[in-house]
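Here is a friendly walk through a predicted model, from its aromatic rings to its sheet and its chain contacts. Have the view open as you read.

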Amino acid sequence: MALTLEQVRHVASLARLALTPEEEQRFATQLSAVLDAVAQLQSLDVETVEPTSHATLAASLLRQDVARPSLPPEKSLANAPAKVGTSFAVPKIIE
Amino acid sequence: MQLTDLTMLELARKLASGEVSSVEATRASLERIAQVDPQVRAFLRVDAEGALAAAEASDQRRKAGAPASALDGVPVGLKDLFLTEGVETTAGSRVLEGFVPPFDATVVRLLKEAGLPLVGKLNLDEFAMGSSNESSAYFPTRNPWDLTRTPGGSSGGSAAAVAAREVFGALGTDTGGSIRQPAAFTNTVGLKPTYGRVSRYGVIAYASSLDQPGPMTRTVADAAALLQVLARHDPLDSTSASVETPDYSAALEEGVKGLRLGVPREYFAQGMDEEVEASIRAALREYERMGATLVDVSLPHTQYALATYYLIAPAEASSNLARYDGIRYGQRAKDARGLKELYSLTRERGFGPEVKRRIMLGTYALSAGYYDAYYLRAQKVRTLIREDFLRVFRDVDALLTPASPVAAFKLGEKVDDPLSMYLMDVYTLPCNLAGVPGLSVPCGFTKAGLPVGLQLLGRPFEEALLLRIARAFEREHEHFRRFAPLPAQGA
């Protein structure tokens, strides 16, 4: 299946990736080749087959609803590219 | 005989008898790194100070007669995908350059509690995406057996460091073969445990339903000893299995007499290198000679595994890697106008081509209109692949297959052809989709002197049996005694 440049740009926008024009071109070619290769799955009849999202996990696990210590703010913020007080700072989004 | 030539357990015995100290062993490891790593380039970071401090503490415990474990004092290395408190961790990516984790991964904590000095962080394909170490944002690691070739990936740094005897053992992670394929390329033992057997807490996620940490060592007995430290239920990882940890070394020497070993015909398909196939066939005959019964079996959905993997893994990766947005850690694009541009520019500059390719593929497979046709269908085929395994394991005790269709290939050979690179994982990734354990053990060499690995696949949580089967072969053919042709220590 051949991906158009427009589709590549749409997927890149969903993935929050700002691609260069060269990358758009390259990915259109490479992703089309990979999608062609995975198309063989369409030949299998899987109508009645249950999907497997985890090989060994049968059910969601719940733990006791008990408060326990978590990372203190100074450790959580230690790697932040920008911070204000005990918050992560981001560019202004409302004018 | 140099100190770094010893296996983990040989060193452990010398530490126990007082013949050698952990500080001496750790210094020997650091000297070996200084000597050979400029060629091999396995390490992204060496933590000499941290390792020597841990070694001194270990020697104190030994003196007090209270070692923390059987491997107390044995220096090891870590793939740079494991969070290490206070030591930079990058996952081989620019996006995490400068990131210093505020806590340890559970397996790192377990290694520290068991007293193993952690010598440093080992190179990998960026976010563990790759089969050759060439997608690392920093530099490719070289195969100690031939410096013009790849050590495999993505745990290629770990494999190369063990094969070059820079460390006595290492940890890797395996999502589609990232422990077993580099082990096969470097004459080392690589074990991917059953999914859930070893905690993933603090291991930087690639594809959460497939990733599994495991030991990379020179011998099977070392792999058993290292797994003994790592295999624990972890309440911090909701997918960690709540099963008891057996004694992995207990039955190691019991041999294979009477075992039924399956040979899946789909794993001996076209495209396998002739010398690799000859080496694997010879290993199969050896098992027969040792008293095992070889059984011809079929895993009919094997041909669909590659396609299934390259939909499921990128889909999970596209979700997991959404966290690299320049807000909480790592690099941030400084010139972005507005929040959305900050995300997309940070990610554009931080990620390398292979990571972008997989994010794009995964985002596409999960997007509206394509979810059912790609992602959901792949999950259904995954069920068929898993059922294939569980069905044959009713008749046989384990499976014997090649670990890789070829021996180590040249650096640069496949880097521009993603599909041909993906084919390198064709024998290893069905095991991850099914969640069963897999191991690669050295089984011979090509005429050019490149290692070949035999892959063993087993029933869920039967790592002990896989180790025993691998050990039976290793006892007859001590390939681990043959060293990669690097300069000897002190040369």
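Tyr309(B) is buried, and Tyr310(B) is buried too; buried stands for under 20% relative accessible area, exposed for over 50%, and partly exposed for what lies in between, with a 1.4 Å probe and protein chains only. This is a predicted model, in which local features need pLDDT of at least 70 and side-chain atom pairs count only at pLDDT 80 or more, while totals for chains, interfaces and linings use all residues. Residues are numbered from 1 along each chain as its sequence is written, chains are lettered from A and ligands numbered from 1 in the order in which they are written, and side-chain values use heavy atoms, with hydrogens and water left out.

**Aromatic rings**

Over all chains, the structure holds 17 aromatic pairs. Rings of Phe, Tyr and Trp (its six-membered ring) pair if their centres lie within 6.5 Å; planes under 30 degrees apart count as stacked, over 60 as edge-to-face and the rest as tilted. Phe103(B) and Tyr201(B) are stacked, because their ring centres are 5.5 Å apart and their planes meet at 25°. Phe103(B) sits in the loop between β2 (76-79) and α4 (106-113) of chain B, and Tyr201(B) in the loop between β5 (189-192) and β6 (212-217) of chain B, so the pair ties together parts that are 98 residues apart in sequence. Helices (H or I, at least four residues) and strands (E, at least two) are DSSP runs, numbered from the N terminus. Phe103(B) is partly exposed at 24% relative accessible area, and Tyr201(B) is partly exposed at 28%. Tyr309(B) and Tyr310(B) make an edge-to-face pair, 4.8 Å centre to centre with 75° between the planes. Ring pairs also link Phe99(B), Phe127(B), Tyr324(B), Tyr329(B) and Phe351(B) into a cluster.

The criterion is NZ of Lys or CZ of Arg within 6 Å of the ring centre and within 35 degrees of the ring normal.

| Charged residue | Ring | Distance from ring centre |
|---|---|---|
| Arg41(B) | Phe139(B) | 3.8 Å |
| Lys414(B) | Phe409(B) | 5.2 Å |

**The sheet in chain B**

Chain B has an open sheet of 11 strands with mixed pairing, in the order β1-β3-β2-β4-β6-β5-β10-β11-β9-β7-β8; two strands pair if DSSP finds at least two bridges between them. Its edge strands, β1 (43-46) and β8 (293-297) of chain B, each pair on one side only.

What surrounds β5(B)? β5(B) pairs with β6(B) in the antiparallel sense over 2 bridges, with Val189(B) opposite Thr217(B). β5(B) also runs antiparallel to β10(B), joined by 3 bridges, and Gly190(B) has Ser440(B) as its bridge partner there. Val189(B) and Leu191(B) point one way from β5(B), Gly190(B) and Lys192(B) the other way, and all are buried.

Strands β10 (residues 438-445) and β11 (residues 451-458) of chain B are antiparallel over 7 bridges, and Pro442(B) has Gly453(B) as its bridge partner in β11(B).

**Where the chains meet**

In all, 53 residues of chain A are in contact with 65 residues of chain B, contact being heavy atoms within 4.5 Å. About 5200 Å² is buried between chain A and chain B, and carbon and sulfur atoms give 67% of that area. Buried area is the accessible area (1.4 Å probe) that two parts lose on being put together, summed over both. On the chain A side, Arg16(A), Leu41(A) and Asn79(A) lose the most area to chain B, together 12% of what that side buries.
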